[in-house]
Structure formats: structure tokens, C-alpha cells
Amino acid sequence: MRLTEVLFKKVKSKRIMVLMESVVSGHQFNLFRERLADKIELVRFDPYIQKESLYRERRRIRSA
């Protein structure tokens with residue numbers, strides 16, 4: 001193994017994929033956000049109840 005390979009750090013991506021879940025019905029979808037940003041909360045149309053609903057970030061899925 002070369003010395004240069006040891007010294008390089010693994011590069012992290014700037015964006016991550018997170019799972020968004022509806023507070024009302026539990027409907028889920030994936031969304032990308034910046035790694036250093038705060039957790040996301042947004043209002044979006046929920047197809048299960050046919051109305052707008054609050055979605056909260058539930059968990060991180062993977063780096064993108």
C-alpha cells in the first residue's frame with residue numbers, strides 16, 4: 001500500500017437521500033437534501049387522504 005493512499009480521506013457527498021413520511025396517513029417518499037442542512041418539514045399533497053398534509057423527515061437512507 002502506498003503512503004498516498006493512506007493519507008487520502010474518503011470523500012463524503014454533499015447531498016443525502018432521506019425518507020419523508022406524512023404525519024397524518026403514513027404515506028412515504030424519498031427526497032434529497034444537503035448533508036449540512038437542518039431536517040426537513042414540508043406541506044405536500046397526500047394521495048391517501050386527498051388533501052395537503054405535513055411531511056417530516058423520518059430517517060437517512062443513503063449518500064447520493
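Me: Where is V24 found?
Reply: In this predicted model, V24 lies in the loop between strand 1 and strand 2, the latter being residues 28–34.

Me: Is V24 buried or exposed?
Reply: V24 counts as exposed because its relative accessible area is 57%, and the cut-off for exposed is over 50%.

Me: What does V24 touch, leaving out residues up to four places away in sequence?
Reply: I49 and S53.

Me: How far apart are V24 and I49?
Reply: In sequence, 25 residues separate V24 and I49. In space the C-alpha to C-alpha distance is 8.4 Å.

Me: Which residues form the nonpolar patch on the surface?
Reply: V24 and I49 are two of its members, along with V23 and Y48. Together the four have about 390 Å² of accessible area.

Me: And where is Y48?
Reply: Y48 sits in the loop between strand 3 (41–46) and strand 4 (51–63). Y48 is exposed, because its relative accessible area is 58%.

Me: Switching to the inside. Which residues are in the largest nonpolar core?
Reply: That core has six residues, namely I16, V18, M20, F29, I40 and Y55. Strand 1, residues 15–22, supplies three of them, which is the largest share.

Me: What is Y55 in contact with, apart from neighbours within four places in sequence?
Reply: Among its contacts are the core residues M20, F29 and I40. Y55 also contacts E21, S22, H27, E41, L42, R44, F45, D46 and P47.

Me: Zooming out, how do the elements of the chain run from the N terminus?
Reply: The order is α-β-β-β-β, with one helix and four strands in the chain.

Me: How much of the chain counts as buried?
Reply: Of its 64 residues, 22% are buried. The chain exposes about 5500 Å², and carbon and sulfur atoms supply 53% of that area.

Me: What share of the contacts with a separation of 6 or more comes from residues 24 or more positions apart?
Reply: Such pairs account for 41% of those contacts in the chain.

Me: What about confidence, what does pLDDT average?
Reply: The chain averages 88, and 89% of the residues score at least 70.

Me: Where is confidence lowest and where is it highest?
Reply: Helix 1, residues 3–7, is lowest, with a mean of 65. Strand 3 is highest, at 95. Where pLDDT is low, the predicted coordinates should not be read in detail.

Conventions
Residues numbered from 1 in each chain as written. Predicted model: local features only at pLDDT ≥ 70, side-chain atom pairs only at ≥ 80, totals over all residues. Heavy atoms only, no water. Core = buried A, V, L, I, M, F, W, Y, C linked by side-chain atoms within 4.5 Å. Buried < 20%, exposed > 50% of the residue type's maximum accessible area, 1.4 Å probe, protein only. Helix = DSSP H or I, 4+ residues; strand = E, 2+ residues; numbered from the N terminus. Contact = heavy atoms within 4.5 Å. Patch = residues over 30% accessible without salt bridge, like charges linked within 9 Å, V, L, I, M, F, W, Y side chains within 5 Å. Areas by Shrake-Rupley, 256 points an atom, 1.4 Å probe, with all protein chains shown as cover. Salt bridge = Lys/Arg side-chain N within 4 Å of Asp/Glu carboxyl O. pLDDT = per-residue confidence, 0-100.
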